[in-house]
Amino acid sequence: MKRVRRLMQRPKSADRRNITQKQIDVYDYIRHCIHSGTPPTVREISAYMGLSETGARCHIQALARKGYIALTPNKQRNIRLNGDNREA
């Protein structure tokens, strides 16, 4: 429980600096798909990246937590880019 609190209390600016290479790769794929017309599903991201669906979902949630993407709950293809991070 303490670890969760620390993650929640971390400032947003620190989160935006701490993005892994794998998260950058996932973000680039998401950006490519969205610019091509349709946001990718978790299954498509996992297949493209060679990850399990759980692994892909973890990267997606990390990108959302760090402010790179936004997610709409209970909807397929629910990923959208946040405007201020398109150059990442």
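This is a predicted model: local features need pLDDT of at least 70, side-chain atom pairs count only at pLDDT 80 or more; totals for chains, interfaces and linings use all residues.
Trainee: What makes up the fold, counted in helices and strands?

Mentor: The protein has 5 helices and 2 strands, running α-α-α-α-α-β-β from the N terminus on. Helices (H or I, at least four residues) and strands (E, at least two) are DSSP runs, numbered from the N terminus.

Trainee: Why is the pair of Y27 and Y68 called edge-to-face?

Mentor: A search of the whole structure finds 2 aromatic pairs. Rings of Phe, Tyr and Trp (its six-membered ring) pair if their centres lie within 6.5 Å; planes under 30 degrees apart are stacked, over 60 edge-to-face, and the rest tilted. The rings of Y27 and Y68 have centres 5.8 Å apart and planes at 70°, so this pair is edge-to-face. It links distant parts of the chain, with Y27 in helix α3 (residues 21-36) and Y68 in the loop between α5 (53-65) and β1 (69-71), 41 residues apart.

Trainee: Are Y27 and Y68 buried or exposed, and how do you know?

Mentor: Buried means under 20% relative accessible area, exposed over 50%, and partly exposed in between (1.4 Å probe, protein chains only). Y27 has 2%, so it's buried. Y68, at 7%, counts as buried too. Over the protein, buried residues make up 32% of the 88 residues.

Trainee: And what makes the pair of Y29 and Y48 stacked?

Mentor: Their ring centres are 4.1 Å apart and the planes sit at 10°, so the pair is stacked. Y29 lies in helix α3 and Y48 in helix α4 (residues 42-49), so the pair ties together parts that are 19 residues apart in sequence. Y29 is buried, with a relative accessible area of 15%, whereas Y48 counts as exposed at 55%.

Trainee: How do you know which residues belong together in a nonpolar core?

Mentor: It's a set of buried Ala, Val, Leu, Ile, Met, Phe, Trp, Tyr and Cys residues joined through side-chain atoms within 4.5 Å. The largest one here has 15 residues, and those with the most contacts inside it are V26, Y27, I30, I45, L63, I69 and I79. Elements giving two or more residues to this core are α3, α4, α5 and β2 (79-81). Its largest share, 5 residues, comes from α3.

Trainee: What makes the approach of N78 to T72 a polar contact?

Mentor: The term covers a pair of N or O atoms within 3.5 Å; within protein, one must be able to donate a hydrogen and the other to accept it, and residues adjacent in sequence count only if both atoms are side-chain atoms. The side chain of N78 reaches the backbone oxygen of T72 at 2.7 Å. N78 is found in the loop between β1 and β2.

Trainee: What stands out about phi of N74 and R77?

Mentor: Most residues other than glycine have a negative phi, and most peptide bonds are trans. Phi of N74 is near 60°, a positive value in a residue other than glycine, and phi of R77 is near 50°, also positive. N74 is exposed at 84% relative accessible area, while R77 counts as partly exposed at 35%.

Note on methods. Residues are numbered from 1 along each chain as its sequence is written. Side-chain values use heavy atoms; hydrogens and water are left out.
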